[in-house]
Structure formats: structure tokens, C-alpha cells
Amino acid sequence: MMTMSTCTIKEATLKDLKDLIHLERECFDMDRWPVWDLISVLTTSGIVRLKAMDAEGNMQGFIAGDIRDSKRVGWIITLGVFPKYRRMKVASTLLDTCENRLQRDCFKLCVRRSNQAAINLYLKHGYQKVDEWIDYYNDIEDAIVMEKRLT
């Protein structure tokens, strides 16, 4: 029997860099962000950056959303959950909270074609496939672009 995680969502800061580097290594193989990109996502204005924390203060997951798009689209630019916290609604909680903070009527994201677990999560949250980016990832796997419209 699986127990549901209790997580607290907090703003992520530069102090979370070490945990975020570890999360990138755990979640993303060839596509992990370089340290400079992680520093940027933790410091650039116009980025919503949230972390999920367990009761002991351990990072469970991280999400970042970009609200700088001139078309009033919120882009979910990364979402990762440590393997031991998966299937505990951590990703759903992060996604819902990030969408609320972005305050947009339309959200977009891209996901590896082979990442069926993530695709299922996004479908469950109302996202639909709207495009494909061919050879998008470092290993030339395609990205599926998904969109969620509230209006």
C-alpha cells in the first residue's frame, strides 16, 4: 500500500541550488540543465520557482514557470520529483500551485515523447497535445508540446 505524501510548497531560492542539482541528476539524464541555467532559474525575475518539501525539510520536487511571454502564456519550463516521492501527488501539487501563481489563461510545456508518466500527468491536468518539436532533445528525441486553456 502506498501512502500519500504530505508536502509543503515554498518559494525556491538560490539556497536550494545544491538540492536542485541533485534533483536534475536524479530526474534528467542527458537533458539536465547546467549549473548556470539552474542559477538563472533560481534568480531571474519573471520566473515562478517552487519546491515541495516533506515534514523533515527535504526537497521532494521542483517546478519553474515563466510568465514573461508577451502572449500571456505561462510556460512550465521544468518539473521534477525525486523518485522516492513519485506517485504521491507531489507533481500534481507543484503543477497546480505553479499554474495558480502564473495567473494565466493558457499554459504550455514540452515533454519527451517517451515520458508516458509525465504525459499522463499533464493529460489528467487538462493539457492537450498541440504540436511536436522534432529532434528537440539532445539525443534527438521529439518533444510533445502540450497546452492547457482555461478560457
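Which helices and strands each supply at least two residues of the lining of the largest pocket? Hi everyone, I'll get to that in a second. This is a predicted model, so local features need pLDDT of at least 70 and side-chain atom pairs count only at pLDDT 80 or more, while totals for chains, interfaces and linings use all residues. Residues are numbered from 1 along each chain as its sequence is written, and side-chain values use heavy atoms, with hydrogens and water left out.

Okay, the answer: α1 (17–27), β4 (73–81), α3 (90–102), β5 (106–112) and α4 (116–124). Helices here are DSSP runs of H or I with at least four residues, strands are E runs of at least two, and both are numbered from the N terminus. A pocket is an open set of points on a 1 Å grid over the protein atoms alone, where a 1.4 Å probe fits, with protein on both sides within 12 Å along at least five of seven lines; lining residues have an atom within 4 Å of a point. There are 37 of them here, and Phe28, Leu79, Asn115, Ala118 and Tyr122 lie nearest the centre. β4 gives the most, seven residues.

Now the largest nonpolar core: buried Ala, Val, Leu, Ile, Met, Phe, Trp, Tyr and Cys joined through side-chain atoms within 4.5 Å. Among its 41 residues, Phe62, Leu94 and Tyr122 touch the most other members. α3 brings the largest share, six residues.

Also in α3 is Glu99. Glu99 counts as buried because its relative accessible area is 7%, and buried means under 20% with a 1.4 Å probe, protein chains only. Leaving aside neighbours within four places in sequence, Glu99 contacts Phe107, Tyr127 and Lys148, where contact means heavy atoms within 4.5 Å.

Key. Buried < 20%, exposed > 50% of the residue type's maximum accessible area, 1.4 Å probe, protein only.
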